[in-house]
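Notebook open, structure loaded. I want to jot down what I looked up, entry by entry.

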Amino acid sequence: MTAEASGTAERNAAADGTEPREPARSELLTQWLLGLVNSRNYAKLAELRRPTISQNAHIEAGWFDPGRRQVFEQVAFLFAVYHRGAVEPSRGYGSLGSAARRIGTSLGRGPEDAGASRLMDRMVASRRPPLRHLQHTITRLRSCDVQPPSWSRLADDLARWTDRQARIRYHWAVDFHAPPPRTTARNNRTTMTKDTLT
């Protein structure tokens, strides 16, 4: 950032009475990863898909938070797995539990899909971040053509995996097993009216 840009940011902050906020490190990682897809940097994305070889791309992913280097490298790997051959990047949304709820077919998704249930059971039973099961989950999300979890939230969750107060595994399980949204009588009536008109 140039001195001029820095001064502008400080003046803008003073004008509205707030301090300028730097994005969270996990959000910076997500922005960098999204930029790789936007710029069609397929070589770097291919490097990230090789989890056992420390390539330059893995090292770059760890720069965003040296204290959580391993987690950031794992999230970069999962991002690259999901975006293999992708033209448009996906920021994702929700926790991994809510993303796993989207896995399945027209016969059933989430808890109603036996494969998704087994994956979730294995992940929440793991004492360490379950990279292998996470990779399977991301691959299933990609094959089902549904949105992934929020990449920045995934990085934060994995960094706090062993924190008993954060209870990440519990929250993922709750998100996965949450009841489907209820439809109201008004919504049903509107749907029926539209269906009869078309």
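Predicted model: local features only at pLDDT ≥ 70, side-chain atom pairs only at ≥ 80, totals over all residues.

**Entry 1: Glu112.** I started with glutamate 112, which sits in the loop between strand 2 (108–109) and helix 7. For the record, helices (H or I, at least four residues) and strands (E, at least two) are DSSP runs, numbered from the N terminus. Glutamate 112 is exposed, with a relative accessible area of 66%. My cut-offs here: buried is under 20% relative accessible area, exposed is over 50%, and partly exposed is in between (1.4 Å probe, protein chains only). I also checked glutamate 112 against histidine 177: they are 65 residues apart along the chain, and their C-alpha atoms are separated by 9.6 Å.

**Ground rules.** Residues are numbered from 1 along each chain as its sequence is written, and side-chain values use heavy atoms, with hydrogens and water left out.

**Entry 2: the whole chain.** I got 11 helices and 2 strands for the protein chain. Along the sequence the pattern reads α-α-α-α-α-α-β-β-α-α-α-α-α. Of the 198 residues, 39% count as buried. I then looked at contacts (heavy atoms within 4.5 Å). Among those with a separation of 6 or more, 69% come from residues 24 or more positions apart.

**Entry 3: helix 7 and helix 10.** How do helix 7 and helix 10 cross? The axes of helix 7 (residues 114–125) and helix 10 (residues 168–177) come within 9 Å and cross at roughly 165 degrees. Axes are lines fitted to C-alpha atoms, for helices over the stretch in contact, and angles run from 0 to 180 degrees between N-to-C directions. The two helices are therefore roughly antiparallel to each other. The naming scheme: under 35 degrees is roughly parallel, over 145 roughly antiparallel, 65 to 115 roughly perpendicular, and the rest oblique. Helix 7 passes helix 10 in a left-handed crossing. Left-handed means that the near helix is turned anticlockwise from the far one by less than a right angle; clockwise is right-handed. On the helix 7 side I listed Ala116, Ser117, Met120, Met123, Val124 and Ala125, and on the helix 10 side Arg169, Trp172, Ala173 and Phe176. By class, that contact has 8 nonpolar, 1 polar and 1 charged. Ala, Val, Leu, Ile, Met, Phe, Trp, Tyr, Cys and Pro count as nonpolar, Asp, Glu, Lys and Arg as charged, and the others, Gly among them, as polar.

**Entry 4: helix 5 and helix 8.** Helix 5 (residues 69–82) packs against helix 8 (residues 131–143) at an angle of about 25 degrees, with the axes 9 Å apart. This pair is therefore roughly parallel. Helix 5 passes helix 8 in a right-handed crossing. Helix 5 brings Gln74, Phe77, Leu78, Val81 and Tyr82, and helix 8 brings Leu131, Leu134, Gln135, Ile138, Thr139, Leu141 and Arg142. I logged the split as 8 nonpolar, 3 polar and 1 charged.

**Entry 5: His83.** Histidine 83 lies in the loop between helix 5 and helix 6 (96–100). Is histidine 83 buried or exposed? It is buried, with a relative accessible area of 2%. I found its side chain reaching the backbone oxygen of phenylalanine 79 at 2.9 Å. The side chain of histidine 83 also reaches the backbone nitrogen of serine 90 at 2.9 Å. Leaving out residues up to four places away in sequence, histidine 83 touches Val37, Glu88, Pro89, Ser90 and Trp151.

**Entry 6: helix 2 and helix 9.** The axes of helix 2 and helix 9 (residues 151–159) come within 8 Å and cross at roughly 135 degrees. That makes helix 2 oblique to helix 9. The contact is made by Ser26, Glu27 and Thr30 of helix 2 and Trp151, Ser152, Ala155 and Asp156 of helix 9. Its classes are 2 nonpolar, 3 polar and 2 charged.

**Entry 7: Thr30 and Asn38.** Threonine 30 is in helix 2 (residues 25–38), and it is buried at a relative accessible area of 1%. A polar atom of its side chain lies 3.2 Å from the backbone nitrogen of serine 152. Asparagine 38 is also in helix 2, but it is partly exposed at 49% relative accessible area. Asparagine 38 and proline 89 are 51 residues apart in sequence and 6.7 Å apart in space, C-alpha to C-alpha.

How values were computed:
Polar contact = N/O pair within 3.5 Å; in protein donor to acceptor, adjacent residues only side chain to side chain.
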